[in-house]
Each structure stands twice: as structure tokens, then as C-alpha cells.
Amino acid sequence: RRKFGPLGWGIPYQYSDGDLTACVLFLEKHLYNGPISWSTFQYMVAAVQYGGKITDSLDVRMFRIYTEEWLTPKACEDDYSYNPDVPIFKIPGDFKYVIPSDLEHEKYRTYIESFPEIDSPEIFGLHPNADLTFRVKEVTALFKTLGETQPKGGGGDGGVSREDVVYEKATDLQERLPEDYNEDDYKAKIQKLGGMAIPLNIFLFQELQRLQNVIAKVRFILAQLQLAIKGEVVMTAELQETLDSMFNAKVPHYWENTLTGDEFSWRLPTLGLWFTSLIARDDQDRSWLNEGRPNCYWLTGFFNPNGALTAMKQEVTRKHKGEKWALDEVIYHTEVTEYNGEQQVRSPPPEGIYIHGLFLDGAAWGKHEGHLIESTPKVLFVGLPVLLVTGNIRKDEVTFKKSYFGPQGAYECPCYKYSSRTDRYFIFFVNLKCTQERYPNYWALRGTALLCNQ
């Protein structure tokens, strides 16, 4: 799975023969002590031998599910195969992945030598689209390397130099930059929206502060860069890096990161996408400030999406003050609505918030079926309909899940800020409906997740 990037493992781990040997020795000793306790064996493999080096919580879940699916009594049956019952694409050479039960060493060698050169992703539980994800990753890395090795000379006779191109681009970006936010002004407008006693208003205030920092920094660097190109100020290393990045249509490092490498704004692959996101974020925040809360929130447009959901949960808890709800007992309740886009949402929900802009990776959403379905071949990302997120006390949510999602339960789909799937960018779990044939473990092995950015 490691070659498929975040779709396979959130963090790539270096497993070794020592891990395998430890599992084999444990199983051997376990066999001599009587019948196999499969739950014990699964725990030792997933949580101790291999799991001891796994640090990401979702990767821990992934490995646990592998043991639940593969380390079971059915693996000892003669007709057991790792092939999917109905593969989406043909397995190379119609090869059957089975556990041989021969007694001769040579037959094992012959079987091993007959393996396909490239294994189908479906053998690991992934969708065939994972192979396309891998190839896109490889090609992207290749072009990045080629771009970094290109000469950085100026223009030839009669040509336009790099500096001229960047100067014009800087002028264009300055003209499109949103106007600055005045703290006294937006404090007064937030007071009209109910003041700082309302959790989501506090969240809006913090978002505006961070957005203004980004706008001010970009405006200052663009002005300094133009002066440096004209020779009026010194071309520092930061300005030179900005010039090179803008010429290559990349986001300058210091627009995305602080001096210590922490996230300053948001991470996107190209300058065009980054600046478009800046305009969209400004539109959402300015509209919220001037016209009141939106009916539907663009979760991607927040610096701190976890903060928005936490503020919403606080407001829901306060609404149920009479029922003595405690914030510690309130968990997220999610429902996929029938709204295909934010334009269809005419009013906010009675409790909680509507959010849009999430993309499914590793699966698709059946609008007519109302549950997860297989991805269309060669379609890597699928937009999720508008999502309702609110709060509910734990015991009521458990009762709701049993009645709404059926005996197989819901797939707890992780939602990430970026395609890099680590705990650092994890936002929350979204409960998605699935069928008994394609139960939650099936989608976990598919690597199904929600992303704020494609």
C-alpha cells in the first residue's frame, strides 16, 4: 500500500522481516498451547508486533481491520483466496492469490515465481483507481524535478526577461488583492452580529485576524519585489525566492509558511489556485461580516476548520442548557443532505451548520441510493453533497446510529484539511451510510476519506 501514498498509509512505515519473524514465533508458540485464540492473535499482530511502530491513529485502525479480515479461521480453508469476489478490473493473468498447502519446497518456489510483476490494487482492498493515483504521483514528482533543474537565465535579445514577467504578474495580483480589514471596523460589525459572547462570532474574529495578516504580507512582499526589480531596494533571499516561485507559477514559500516552517496561510500546488482561494475566503468572511451568517459554510475556506465545528458544538450545547447537556458529552452528528450545492440551501438548519466543498477520495456517493458506492474508473475525486453537522449527546447518537445505519453500522469517514492524511490535518469523522455487502471495513481498506482540497 505504501506506493499509493496517503491513499495507502497516512504515514509510510518501514516494516521488516523482524516484524514478520516475531509474529511467526508468537503463532508457533500459541499453536503448541491449544486452539488458536484469533482475537489474541489479531491483537498481538496489529497492536504489538507491527502496530508498535504505527503512530497515526487511522493507520492503527487500518492495520487492525486487516487482521480482522485476513487473520481469521476462514484463511485456513482450502478454497480461501485473497482475490475479490467480483474484481472491477481483470486481475493480471487471472492469477489466484491463495495460501498453498503443498508439502514440497519446489512447488512453493514455482508458485512464487508465477506471481504477476505488478499486483492489482484490489488485492490490498484498494480500488483500481489507486494505480492511477500512484502514476499521477510519480509524474508530478518527475515534472517537479525537471522544473527545479531548468536554467534560470534572463531573456534573450528582444525577449521578455523573467523580471519583467514577474513585475507584470505582481502588478496584476496587487490590483486583485482584497482591501485590508480594519480591526476597529470589524469589531464593531461583530458586535452588531451579537458580540463576542457567541462562539461562532469569536471564531469569525480569529479568522479575520489571520486573513488580514496574509493580505498584509502579500501586499508588502509584492510592493518590495517590484522595488527590488527596479533596483530601488536590495534583492534579498526572500524576494529572490518569491521571484523564482512566481515565475514558475508556484506559491512563494513565505506566503504559505512562517520563518520556522509552520503553516501561515494554506497549502495549494499553484499560485493561481492559491490566489483564487484567497479571493474566495475573503468573499465568505466579508459576506458573513456584512450580511450575517451564511446558510452554508465553505469549510475549506477556514484557517481553523476544527475551530468552526467546536464553536458550533458549543452553541448547540447552550441551546440544550435546559436539558443539562454537558459539552464533554456532546459529539458530532452528521447527515448527508439532498442538496447538491450551496446554492440550493435557502435557510440554515434549526441546529448546527451546513457545510460544502468536501471531496470523497477512494469512493463515490450514490445520490439516488443514499450511501457509498464504488468510484467511477479514472475519476479520483467526487464531490459530496451538502453536509449537515450538529451536536448530539453520546447516548442519543448511539441509539440513532443503530436505527439509521442498520446492523453493519456507519463507516466513520475521516475528513482531512489536505490530501496528506496525518493527525495534524485531521478535522473530524463523518458517518456515511453503507450496505451490508460493502460494510465499513470494506471502505476502510479502500482508503475512503473526505478532503477539503482535491
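Mentor: Start where a helix stops. This is a predicted model. Helix H11 is followed by Gly292, and the phi of Gly292 is positive, near 100°.

Now go back along the helix. H11 covers residues 271–291, which makes 21 residues. At 1.5 Å a residue, H11 should span 30 Å. The C-alpha atoms at its ends are 30 Å apart, so the two values agree.

Next, look at which residues are hidden. The buried residues of H11 include Leu271, Trp274, Phe275 and Leu278. What do the buried residues of H11 pack against? Their partners are helices H6 (162–176), H7 (183–192), H8 (199–229), H9 (237–247) and H10 (253–256), along with strand E1.

E1 leads us to the sheet. Four strands form an open sheet in the order E1-E3-E8-E2, with mixed pairing. E1 (296–298) and E2 (330–336) stand at the edges. Each has a single partner strand, so one side of each is left without a neighbour in the sheet. On average, neighbouring strands are turned by 40° against each other, direction ignored.

Follow E2 to its partner. E2 and E8 (residues 387–393) pair in the antiparallel sense, over 7 bridges. Within this pairing, His333 stands opposite Thr390 in E8. Finally, helix H12 (residues 305–319) packs on the sheet. H12 touches E2, E3 (353–356) and E8. Its direction makes about 105° with that of E2.

Conventions: Residues numbered from 1 in each chain as written. Predicted model: local features only at pLDDT ≥ 70, side-chain atom pairs only at ≥ 80, totals over all residues. Heavy atoms only, no water. Pairing = 2+ DSSP bridges. Helix = DSSP H or I, 4+ residues; strand = E, 2+ residues; numbered from the N terminus. Axes fitted to C-alpha atoms, helices over the stretch in contact; angles between N-to-C directions. Contact = heavy atoms within 4.5 Å. Expected span 1.5 Å × (residues − 1). Buried < 20%, exposed > 50% of the residue type's maximum accessible area, 1.4 Å probe, protein only.
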